[in-house]
Structure formats: C-alpha cells, structure tokens
Amino acid sequence: MPTITKKPKGRCFPPGLEAACVLISFSLFAAFANGQQPEPQKPSSTGMGVSTGAAHPAVKDSKSRPITAGGFVDGAPVVFADVTKQAGLDKFHHRSGTREKSSIIETPGSGVALLDYDNDGWLDIYLVNGSTLAAFKGKEPAPRAMLFHNNHDGTFTDVTEKAGVSNERWGFGVAVGDYDNDGWPDIYVSNYGKNRLYHNNHDGTFTDVAEKAGVTLGGWSTSPTWGDYDHDGQLDLFVPGYVKFDADHPPIAGQGAIPPNFCQFRGINVMCGPRGLPGERDHLFHNNGDGTFAEVSVKAGVSDPDGYYGLAAAFVDVDDDGWVDLLVANDSTPNFLYRNRHDGTFEDVSYGSGFALSEDGREQASMGIGIGDYNRDGKVDLFTTTFSDDYKTLYRNDGAANFSDVTYQAGLGDATVPFLAWGTGFLDFDNDGLLDIFIVNGHVYPEVDLQDWGTTWAERPQLFRNLNGSKFQEVPPATGSGLADVVTGRGAAFGDLFNDGHIDVVINNIDSTPTLLRNVVKNGNHWLTLKLVGGPKSPRDAIGAKVFLTADGIRQRADVFSGGSYSSSSDQRVHFGLGAATRVGKIEIQWPSGTRQQIQAQAVDHMITVEEGKPASEVK
C-alpha cells in the first residue's frame, strides 16, 4: 500500500491559504524552539469550512482506485462478513436531504444504538433516521427510525410501529440509559428540532416523555451521553449542540451575507460550514429522581458559551478519582475535557490535558470518540476521528487527566489521512486481550468523486489490530468481506449481537441501508462477558462502572458508558478477550457508588451477570 508523507506542522486551513499556513507553521516552530507552548487560538469567525490538515497527494491502490474505495486484498483472512440482508436490516433506508448536499444539515448523518430493550438477553438494534427540508416543513412524509428485535437466530424483525419509536424528526444522535432505575433501558434521541426521551414501558413499547421530563431542547443537538456526574445514583444527561441552522434561510454561498466563492474545499464550491456559522451551546440535565430533569449546564460549567461545534460526547472517569468526567469532540474547534470537581461542577482542563488540540497545536475536525485501555496500563485512552487530509488521533492517558497524542508512534497516522471518519470504537475483534480500533468512514462532499484527490464519497471502513499494546497495524480488507464494503458510513455501534463471544459492528450509512458486520474470526481464543447491575446507590445499568480482569498475569480494564463513537450507543456489557487463557484469576469491579467488589469467574467463554454486592451468576 502506498505511504503518505507525514503532514506538515501547523494550522493549515482554510484550503488555498498556503501563505497563511507557512506563516503559522513558522510561528509554531519558533515557539517550540524557544521552549514555549504555542498560544491556543480560538476558531476563526471569518472563514468557512472545516479545520483539517494541508492537502495531501492522492493515494491509490494497484488498480488506480482511490485508497478510500480500494486497496482490497485477494486471499486475505476474512474478519467481518456483511450479513445485512440475511439479517433483515436492509428494510431500513436512511435519508438526509438531497444527494447534492447543498446545506450542512444534510451531511452529518445519524447514529445507531444496541440495546436489549425487552430484557431477553439478546441485543436489539435501533437505527436513527434523518429527514429532508420538505418533510421538516410537512410537505412530504418524514423518514422513520427503526427498532429491530433480535430473533436469536441471526435475523431481526422490525418492531418500530408496536414500540412507538419512529421519531419522524430529523434525527442525529442516540444514547441508551436506564434513567429511572427500573431495570429497563430507555432511549434518548437528539434531533434538529425537539429531542425525544423514549421511556421503556416493559411491554415492548415506549412512551416519549421528553416534554414532561424537560429535555426536549430545540435547535440542533448531536451525540448525547448518560452518566451519574454527582454520585446520587441517578443518570444525568449531556447533550452537545452543533450549529444554529435556519431551515428557511440555510447558509448558501452567494446568498445573503455569504460571498459567492466563500464556501470552498480545495478550491471547489461546497456546502457552507461549520466555520463561519454560529454554534449551538451544550446542555447538561441533572436527574431530579422524579422523572424530570433540571438544566444545569451554566452552573456546572459545561455550557460552551463560545458555541463550539459539538459532534460527540461521553461521560467517563479519565483521572480515576471515582467520578465521571466529560469529553466532547468538537468539529473544527478545540475538543473539551471537563474534569469533575465532585461538587456538581466541572473544571475545563481541555488545553492543559492535551485533548483540546493535536500534537502540532491544531484544532481538528473531530467527529467521534473511542474509549478504551489499549495499552493495558489501567488508564482509559481516547481515539478521535477527523476529516480527510488529517490523521485520526490516538490520545494516550498519562495519568491525572493528562494525554499525549501518540498517533504516529502507534502507526495510526499515514493510513488514516485520506479517509473522512465518523463512528469509532476500541474492540478486541480477535479476543487476544488487546483492544483494536475500528473506524467508519464516508465523505461529506459528493463533489470529491469528481476530483483526483484519492478520496471518495463512499469509503470502506478500517480496522487496526493492536500488535503489542503500543503499535497498531491495519488489517487488510479482504476482497468481498465486510472490510471491503464501500459505504457512506456515519454512526457505528459495537457489541456481541449473536451471543457467541465475538464483537460485531452495526453501521448507519447516510442515504443508504445500514451495514451489519458479523465477526467471523475463529482462532480458538477465549473470552468473558459481564453484564453489570447496579445496587441502590448506583445507576441500575451500572453506567460509570469500571471492571479490571486479570488472566495469565495480564490485567485489562473495561468501562461501562453510554454514547461515544459518533451519535451512537454500544453494548453496555463489558467484553474481555482472554487469548489462550482458560482461567480468570481475579475480577475487580469499581461500582459508580464507590463500592469495590471482587468476584471469581467459574469458567471462560461465558456471559455472567453481576449485581452489585452479590455473587456472579452465569447467563443461560
């Protein structure tokens, strides 16, 4: 596969302003040479577009195909098989505006959630749909979200109408959480317009209680996340905002105050934004414990008064003080890391933590967040997806909420640059005990297909195998396999859909049917999966819990969280690959309440349920 020269240092955007890039690069170099940290720069209010790296030369495979839609390897081992049609998921078709993508609301696409909505022990699938401006204005039927019930035989049945979760608004994000601690998962859907909170009625149906709960908002919301930030045993809700968008007056080059040639990418005209558009603020809702929520984002210090462009979020304890912190991946503006102060407020440590910017001091067009301990040092690391012409960023947790961008050291730089990435996650696809990285890709500008840039509108996903806890290597996309699917990927969720001990992937593709990638690896490695049930002082679904498993002297970590990826919510059971180990030495659980519990697994290759303070039981 051709290699790409590492991109030059500096904040090289907007495209076409090469002179400005040179000056900025030189000033950054001078600052580093003098032992100074470059001054963080606020996003430009005068330019439009995305924050990305300098233009890279086209990368093509041996058949002269852009690497984003090529590079397939005949005879390579098949890791994932596309079973979308066999499973019945092709009944869903995502829609988002027009094919031309003339306005920004048509481009981000939507997420997907994996949840066991009927508590039968099998993961079901909820796919969020988009909309059109005509449907939004009531001029045509609105596209519908779909809930698919797992039939336990590799197929899924559409139960949307009975469940009452069709949304029929312009949907973007979804997060699963049991906000009322009744033992049944609820669904929060973020939209352009009012959001929905679907309460699980325990009988296969849901009721939208967003108005009563006080969490409808308005405007444009993206990737929500649930987490108990104040240790009261109730899940709270964070909802990032993207841009302020007026459906009656969408930002279009040459109209209103926008000059004709102002919205460009690499010198060609494209849809406008996000830079140059006002951003939506973010919202934190405190759970009152009575079915209602209080909006506390300003008091808590997480309201984003500057209006950065939030696209993904997750509550997770990054500094291991027992309190969940808050991560927000922002598009073309610095990322946020809010450290929990334990008093109902957060401290913005974004710049000091190293998470705000890339290694070379640039704000990136961050789309999604992956969370996991890839180097098995007991600390949770982060991975963010970004725009094309930019690498996707691996942040190693150095402790005390400090992160280092180790992307190129880890071997994740050059191979990811041509792709425009969205959903992502850490998963142990081969059960060897090391977390790998899966990335879902797809461009936002259909116009790229008409250019010789080495990037495409539809793109194949990428899987990077963790070699040794420090280096990753791309898994070859075997011809005809799921890794060779060229799709318009957006949201992605990860989980064991077939209860066979292997992690599968569901992708929500913009303007298309979804993709279900079944993990077909057969290598003899062992595994263990835990479903956690919180006690009276923890959220019932144990969101915020940490699990440490030791086998053959190797200690692994897994966290229970809601949200992350891009606009998606994954299996909240924690999964451990064990490699050749046939016995588990010790399992330590740190519950959200602060309680610590040790359990013993009686066997491997099993799923077990652990209720806080009680012995583990095998899931039949």
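View A. Asp 248 is exposed, with a relative accessible area of 55%; here buried means under 20% relative accessible area, exposed over 50%, and partly exposed in between (1.4 Å probe, protein chains only). This is a predicted model, in which local features need pLDDT of at least 70 and side-chain atom pairs count only at pLDDT 80 or more, while totals for chains, interfaces and linings use all residues. Residues are numbered from 1 along each chain as its sequence is written, and side-chain values use heavy atoms, leaving out hydrogens and water. The side chain of Asp 248 meets that of Lys 137 in a salt bridge, 3.5 Å from N to O; the term stands for a side-chain nitrogen of Lys or Arg within 4 Å of a carboxyl oxygen of Asp or Glu. This pair links distant parts of the chain, 111 residues apart: Lys 137 is in the loop between H3 and S4, and Asp 248 in the loop between S11 and strand S12 (264-265). Helices (H or I, at least four residues) and strands (E, at least two) are DSSP runs, numbered from the N terminus. Lys 137 is partly exposed, at 40% relative accessibility.

**View B. Lys 244 meets Glu 280.** Look for another salt bridge here, with the closest N and O atoms of Lys 244 and Glu 280 lying 3.5 Å apart. Lys 244 sits in the loop between S11 and S12, and Glu 280 in the loop between strand S13 (268-269) and strand S14 (283-287), 36 residues apart. Lys 244 is partly exposed at 45%, whereas Glu 280 is buried at 12%.

**View C. Arg 95 meets Glu 140.** The closest N and O atoms of this salt bridge are 3.4 Å apart. Arg 95 belongs to the loop between helix H2 (84-87) and strand S2 (112-115), and Glu 140 to the loop between helix H3 (133-136) and strand S4 (146-150), so the pair ties together parts that are 45 residues apart in sequence. Both residues are partly exposed: Arg 95 at 35% and Glu 140 at 29%. The count of salt bridges comes to 28.

**View D. The disulfide of Cys 263 and Cys 272.** The two sulfur atoms are 2.0 Å apart; a disulfide is a pair of cysteine sulfur atoms within 2.5 Å. A search of the whole structure finds 1 disulfide. Its S-S torsion is about 100°, so the disulfide is right-handed. Cys 263 is buried at 1% relative accessible area, and Cys 272 is buried too, at 2%.

**View E. Leu 197 in the largest nonpolar core.** This core has 38 residues, and Leu 197, Trp 226, Leu 530, Leu 532 and Ile 587 have the most contacts inside it. A nonpolar core is a set of buried Ala, Val, Leu, Ile, Met, Phe, Trp, Tyr and Cys residues joined through side-chain atoms within 4.5 Å. Not counting residues up to four places away in sequence, Leu 197 touches residues including Tyr 179, Ile 187, Trp 226 and Phe 293; contact means heavy atoms within 4.5 Å.

**View F. Thr 455 in its loop.** Thr 455 is found between strand S25 (436-441) and strand S26 (462-466), and is buried at 7% relative accessibility. Its side chain reaches the backbone oxygen of Pro 418 at 2.9 Å. Leaving aside neighbours within four places in sequence, Thr 455 is in contact with Pro 66, Thr 68, Ser 388, Pro 418, His 443 and Val 448.

Key: Polar contact = N/O pair within 3.5 Å; in protein donor to acceptor, adjacent residues only side chain to side chain.
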